[in-house]
Amino acid sequence: MKKFTASLVVLSTSLLLIGNVFAAQLDEQTQQALIDAINDEYKAHATYQKGMDQFGQIRPFTNIIKAEETHIQELLPLFEKYDIEVPEDNWYDQVPNFGSVQEAREAGIQAEIENGVHHARHGQR
């Protein structure tokens, strides 16, 4: 009986481990959606950071950038869990300088629209 119980424990543990391995794999489309999501957050963050670097601690950028930082931090554990390389955040240099505070705000609005489109396309939020 002890041998049977020990074998059952080993079998159960093995099945759990195998199940976790299969559960921790994502198809390519889902992996790409995760990469697109973090890049979208990086881009929005860079837009708000560039606006604040140019014009100071303007609202609503001071509030929204914190949300972008939270979104990035929420995504990082998924990259680790599914063993996906985290893309480098190189968006700051890709965001153009703004000619005015109004132009920076309009870019922020556009970043949020693009964020919404991304989430709608991937069925998030």
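## Helix α3 and its buried side

The buried residues of α3 are Phe 61, Thr 62, Ile 65, Glu 68, His 71, Ile 72, Leu 75 and Phe 79, where buried means under 20% relative accessible area with a 1.4 Å probe and protein chains only. This is a predicted model, in which local features need pLDDT of at least 70, side-chain atom pairs count only at pLDDT 80 or more, and totals for chains, interfaces and linings use all residues. Residues are numbered from 1 along each chain as its sequence is written, and side-chain values use heavy atoms, without hydrogens or water.

Helix α3 covers residues 61–81 and reaches 31 Å from first C-alpha to last, close to the expected 30 Å (1.5 Å times one less than its number of residues). Helices here are DSSP runs of H or I with at least four residues, numbered from the N terminus. After α3 comes Asp 83, with a positive phi near 55 degrees.

## The nonpolar core

Now to the largest nonpolar core, which has 21 residues; such a core joins buried Ala, Val, Leu, Ile, Met, Phe, Trp, Tyr and Cys through side-chain atoms within 4.5 Å. Ile 38, Tyr 48, Phe 61, Leu 75 and Phe 79 touch the most other members. Two or more residues come from each of α2 (28–55), α3 and α4 (101–122), and α2 gives the most, with 8.

Leaving aside residues up to four places away in sequence, Phe 61 has contacts that include Tyr 48, Met 52 and Ala 104 (heavy atoms within 4.5 Å).

## A closer look at Val 117

Val 117 lies in helix α4.

Note on methods
Buried means under 20% relative accessible area, exposed over 50%, partly exposed in between (1.4 Å probe, protein chains only).
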